[in-house]
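Have a go at each task before you read its solution.

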Amino acid sequence: MPDDAPLLSVRDLRVSFRTFDGQADVLQGVNLDVPRGIRVGLVGESGCGKSVTMKTIMGTLATPPARVTHGQIMFDGQDLLTMPAARRNRLKGTDMSMVFQDPTTSLNPVFRVGHQMEDIVRWSDRRRGIQRNHKARKARVLEVLEMVRLADGERIYDAFPIQLSGGMRQRIIIGMALLNEPRLLIADEPGTALDVTTQDEILRLMDDLVREEGLSLLMITHNLGVVRQMTDHVYVMYAGSVVEDSPTAELFDNPSHPYTKALLACVPKLDGTATYEGIGGSLPDYTDPPAGCRFHPRCPHATDRCLTRPPAFTVRPGHTAACWLHEPEAHA
Ligand code: SF4
């Protein structure tokens with residue numbers, strides 16, 4: 001596996017759901033790469049398919065009602081979709097780890113924090129064929145509690161989740177994801193259930209840890225401020241596919257897809273020039289989506305051409321947009 005190959009590479013991923021109203025084609029061919037040691041953002045409004053993408057990568061999507069109909073998810077050169085379930089399960093929580101968004105529901109209220117964290121170490125030791133006694137496992141838990149900047153690890157080890165604040169619980173969730181030294185961290189809107197000050201502390205902590213540990217990060221969020229602060233490269237999703245991808249700074253300087261421009265126009269600005277009405281219209285019905293570009297019913301630039309689905313056109317090196325406005329002939 002060449003060192004410059006992405007750690008995670010998703011190709012033409014399609015996922016459908018069986019519903020009472022018929023088949024809903026929720027992912028329509030998602031492509032994205034997470035290179036080694038790089039922080040990648042996946043952004044879009046609620047319902048655009050971010051969480052389905054993340055769950056399909058982690059293998060936690062309920063099938064049925066969902067069904068992966070096409071695609072590849074390559075992790076370190078191995079296709080997660082075709083590897084035996086036991087091997088895939090070994091990767092979860094070890095090489096790939098997940099930080100969940102809601103610390104209040106992610107911890108079991110009836111077990112002490114240390115007990116829950118030690119369980120993760122024991123579980124992954126078994127999968128890796130390692131044997132550690134209670135003392136060594138506890139030492140690892142205390143080490144991680146210190147890593148996530150929680151002082152007084154012994155007290156937290158013995159505490160029940162209810163005895164800790166939301167911010168402390170979110171730090172524990174991050175610590176749990178780091179216990180087994182993963183190479184890829186997938187974070188689903190961490191801290192959104194917390195107040196903004198604590199959320200900011202949590203995001204800074206995660207950013208520090210990702211850099212210190214040299215991890216690859218896939219950050220799923222609807223918050224463009226988080227994307228700007230926390231990622232090197234960003235994928236913008238709309239209605240089940242990636243419509244634009246770019247280095248983060250370039251995306252904010254030169255947004256190229258009409259959907260990305262509309263999203264950015266909604267971000268409140270200090271001079272009060274944001275579009276407070278939001279983006280007109282709503283996400284399409286996935287059981288009966290519009291033909292061609294799924295954004296066309298909401299797009300001010302739509303033409304008949306948009307009734308055919310646009311491919312991803314290169315706007316600048318490393319920056320693509322799936323929009324006919326960027327077809328090379330359109331500029332000729
Ligand atoms: Fe708008 Fe057409 Fe571009 Fe879609 S392809 S974003 S409808 S201009």
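## Exercise 1: A pocket and its lining

The lining of the second largest pocket is made up of 11 nonpolar, seven polar and four charged residues. (Ala, Val, Leu, Ile, Met, Phe, Trp, Tyr, Cys and Pro count as nonpolar, Asp, Glu, Lys and Arg as charged, and the others, Gly among them, as polar.) Before going on, note that this is a predicted model: local features need pLDDT of at least 70, side-chain atom pairs count only at pLDDT 80 or more, and totals for chains, interfaces and linings use all residues. Residues are numbered from 1 along each chain as its sequence is written, and side-chain values use heavy atoms, with hydrogens and water left out.

**Task.** Find which element gives the most residues to the lining of the second largest pocket.

**Solution.** 
- Step 1: Start with the space itself, which is about 320 Å³ in the second largest pocket. On a 1 Å grid over the protein atoms alone, a cavity is a set of points where a 1.4 Å probe fits but cannot get out, while a pocket is an open set with protein on both sides within 12 Å along at least five of seven lines; lining residues have an atom within 4 Å of a point. Grid points are joined across faces, edges and corners, and the volume is the space filled by probe spheres set on the points.
- Step 2: Look at the 22 lining residues; Ser 241, Val 242, Val 243, Arg 309 and Ala 322 lie nearest the centre of the pocket.
- Step 3: List the elements that give two or more residues to this lining: strands S2 (22-34), S9 (233-238), S10 (241-247) and S12 (319-321). Helices (H or I, at least four residues) and strands (E, at least two) are DSSP runs, numbered from the N terminus.
- Step 4: The answer is S10, with five residues.

## Exercise 2: H4 and two partners

**Task.** How is H4 oriented to H5: roughly parallel or oblique? And how is H4 oriented to H7: roughly parallel or oblique?

**Solution.** 
- Step 1: Helix H4 (residues 113-128) packs on helix H5 (residues 134-147) at about 120°, and their axes are 9 Å apart. Axes are lines fitted to C-alpha atoms, for helices over the stretch in contact, and angles run from 0 to 180 degrees between N-to-C directions.
- Step 2: H4 and H5 are therefore oblique to each other. (Angles under 35 degrees count as roughly parallel, over 145 as roughly antiparallel, 65 to 115 as roughly perpendicular and the rest as oblique.)
- Step 3: Between H4 and helix H7 (residues 166-178) the angle is about 20°, with the axes 9 Å apart. H4 and H7 are therefore roughly parallel to each other.
- Step 4: In H4, Val 113, Gln 116, Met 117 and Ile 120 meet Ile 172, Gly 175 and Met 176 in H7; contact means heavy atoms within 4.5 Å. Sorted by class, this contact of H4 with H7 holds five nonpolar, two polar and no charged residues.
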